[in-house]
Amino acid sequence: MVKLILRILKLTLILFFGISIFWVLLYRYVNPPVTLLMIERGFERRSDGKDWKIDKTWVNFDDISDPMKRAAVAAEDQRFLDHYGFDFKAMERAIDKNEHSHKLIGGSTISQQTAKNVFLWPGRSYVRKAFEAYFTLLIEICWNKKRIMEVYLNEIEMGDGIYGIQAASHAYYHKDAYDLNRQQAAAIASIFPDPLKWSPTHPSNYVQHRQYLILKNMRRLGPLDF
């Protein structure tokens with residue numbers, strides 16, 4: 001009986017690692033069509049009496065404006081090009097701040113957020129965090145930084161039913177992602193933590209302050225060598 005359980009466990013692990021590695025390698029070349037978050041949000045809209053909506057248009061890395069890439073790094077992960085998926089200094093700062101503040105902040109890198117958004121289900125748990133770390137390592141090994149940023153800016157939630165920078169650019173500024181300027185890019189990046197609550201075109205004082213800080217950080221960043 002013990003041997004049978006161990007054999008089943010071994011086969012399960014082999015299957016899991018095989019499928020997950022193939023999945024990550026596939027998305028190195030194939031653009032992810034949909035995420036679990038998009039599906040969940042679609043059902044949430046239907047339960048609220050709204051139409052099903054997944055507004056998403058893929059754009060290649062070179063068709064996204066440089067200010068938008070810079071704003072994403074400035075807002076979410078200023079050491080993105082230097083780390084291997086995890087920024088332990090940012091995690092320490094987040095833990096320290098969260099111990100002394102009611103407003104929780106995260107220490108996740110762009111790589112972690114990409115892994116979470118593309119491969120995992122919404123929610124918070126230690127199990128999910130473990131899977132997030134695993135997929136973060138995989139995409140750092142199998143993809144380059146350019147691909148991670150491209151997938152990140154095409155898949156993350158940027159409004160109610162709005163996913164990816166091209167859809168956000170059209171929804172908020174009626175232009176392509178390639179044409180976003182510094183102020184517009186910083187405004188969009190300022191809502192990343194809570195895109196259902198905040199708006200780049202009708203910002204609260206807090207969101208305006210975030211935009212100001214992002215613009216400040218954008219000026220401090222050196223060249224982004226993807």
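Student: Which helix does Gln 113 lie in?

Tutor: Gln 113 lies in helix α5. Keep in mind that this is a predicted model.

Student: Is Gln 113 buried or exposed?

Tutor: Buried. Its relative accessibility is 12%, and the cut-off for buried is under 20%, so Gln 113 counts as buried.

Student: Leaving aside neighbours within four places in sequence, what is Gln 113 in contact with?

Tutor: Gln 113 is in contact with Glu 76, Ser 108 and Tyr 152.

Student: Which residues of helix α3 are buried?

Tutor: Glu 76 is one of them.

Student: New topic: helix packing. At what angle do α1 and α6 pack?

Tutor: About 50°, with the axes 10 Å apart. Helix α1 covers residues 2–29 and helix α6 covers residues 126–142. That angle makes α1 oblique to α6.

Student: Is the crossing left-handed or right-handed?

Tutor: Right-handed, as α1 passes α6.

Student: Which residues meet there?

Tutor: From α1, the set includes Phe 16, Phe 17, Trp 23 and Arg 28. From α6, it includes Phe 131, Tyr 134, Phe 135 and Cys 142.

Student: How do the residues of that contact divide by type?

Tutor: 12 are nonpolar, 1 is polar and 1 is charged.

Student: On to strands. What order do they take in the sheet?

Tutor: The order is β1-β3-β2, in an open sheet of 3 strands with mixed pairing. Strands β1 (55–56) and β2 (157–159) stand at the edges with a single partner strand each, so one side of each has no neighbour in the sheet.

Student: How many bridges join β1 to β3?

Tutor: There are 2, and the strands run parallel. Strand β3 is residues 162–163. Asp 55 stands opposite Ile 162 in β3.

Student: Last one. Where does His 174 lie?

Tutor: In the loop between α8 (165–173) and α9 (182–189). His 174 has a phi near 55°, a positive value in a residue other than glycine.

Student: Buried or exposed, that His 174?

Tutor: Exposed. Its relative accessibility is 68%, and the cut-off for exposed is over 50%.

Technical notes. Residues are numbered from 1 along each chain as its sequence is written. This is a predicted model: local features need pLDDT of at least 70, side-chain atom pairs count only at pLDDT 80 or more; totals for chains, interfaces and linings use all residues. Side-chain values use heavy atoms; hydrogens and water are left out. Two strands pair if DSSP finds at least two bridges between them. Helices (H or I, at least four residues) and strands (E, at least two) are DSSP runs, numbered from the N terminus. Buried means under 20% relative accessible area, exposed over 50%, partly exposed in between (1.4 Å probe, protein chains only). Axes are lines fitted to C-alpha atoms, for helices over the stretch in contact, and angles run from 0 to 180 degrees between N-to-C directions. Angles under 35 degrees count as roughly parallel, over 145 as roughly antiparallel, 65 to 115 as roughly perpendicular and the rest as oblique. A crossing is left-handed if the near helix is turned anticlockwise from the far one by less than a right angle, and right-handed if clockwise. Contact means heavy atoms within 4.5 Å. Ala, Val, Leu, Ile, Met, Phe, Trp, Tyr, Cys and Pro count as nonpolar, Asp, Glu, Lys and Arg as charged, and the others, Gly among them, as polar.
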